[in-house]
Amino acid sequence: MAKPKTKSNSKGATSPGFNKAVQLLLHFTAVLQFCYGVYTFHTTQMPNTVPFAGKFKFLTFICALIQALYYIVSLVNDFVGTNELAPKRPPAIRQFKDWLMATLAFPVALNVGVTFWTLYAIDRELVFPKVLDPVFPSWLNHVLHTNIVVFIVLELFTSYRAYPKRSKGLTGLTIFMGAYLVWIHIVKHYSGVWVYPVLEVLQLPQRIVFFVAVIGFTLALYLVGEFLNNTVWAKEVKLAKRKSN
């Protein structure tokens, strides 16, 4: 007597319901964490810092805003958009979510996290002086400089996104980073102080090399994100390409 055939998951992995639950949990946790982190950082009185431009002069703060925005958009997309792997006509919120992750959220988060902890390991006074310890809690430091990397990497592995055309993605990221470099020079002009102590100890030629290296590193991180996305979601990328042809 033949046994009835049972349906199996074609990927042999987790069910769509479980994947959706993981995405919702990740997005909801991230929204709470980064929104609270932004609020706490914004209201923290930091000693030995110029008041000009408030917290908006720090890339760390701008990055946290980007992360909060990205996860809010992701959470809204979970309910009113679609997380379909390769939708024929993705809604506008899904298109914006994918663009924001690829162009800004991923590379800027890794830039901030890697750059901060590298300089911190060399000499913490260059990026996070000890004078901040009494007013800047350790948990907030990790939310802004560690969890941004942890959560965006988890996001890359749990949610597929369609990367924009490389030239468009790199152009958007270059404009963002270029605008920030112009911005910190404006802050220096009106306040007389560099945003980051490390810039105070660098001579002009060294600062130029530093700025070029930062932009180059950030653009390289965009390519890393694209590579990881195409590797982790190889089947989905091929399917999306077939549908677009």
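A disulfide here is a pair of cysteine sulfur atoms within 2.5 Å, and the structure holds zero of them. Before moving on, note that this is a predicted model, in which local features need pLDDT of at least 70 and side-chain atom pairs count only at pLDDT 80 or more, while totals for chains, interfaces and linings use all residues. Residues are numbered from 1 along each chain as its sequence is written, and side-chain values use heavy atoms, leaving out hydrogens and water.

Which one is buried? C63 is, with a relative accessible area of 0%, whereas C35 is partly exposed at 32%. (Buried means under 20% relative accessible area, exposed over 50%, and partly exposed in between, with a 1.4 Å probe and protein chains only.)

Next, select residues 92-123, helix α3. Helices are DSSP runs of H or I with at least four residues, numbered from the N terminus. The 32 residues of α3 should span 46 Å at 1.5 Å a residue, and the end C-alpha atoms are 44 Å apart, which agrees; the expected span is 1.5 Å times one less than the number of residues.

Now center on M101, where α3 bends by about 45°. That bend is the angle between axes fitted to the seven residues ending there and the seven starting there.

How values were computed: Helices (H or I, at least four residues) and strands (E, at least two) are DSSP runs, numbered from the N terminus.
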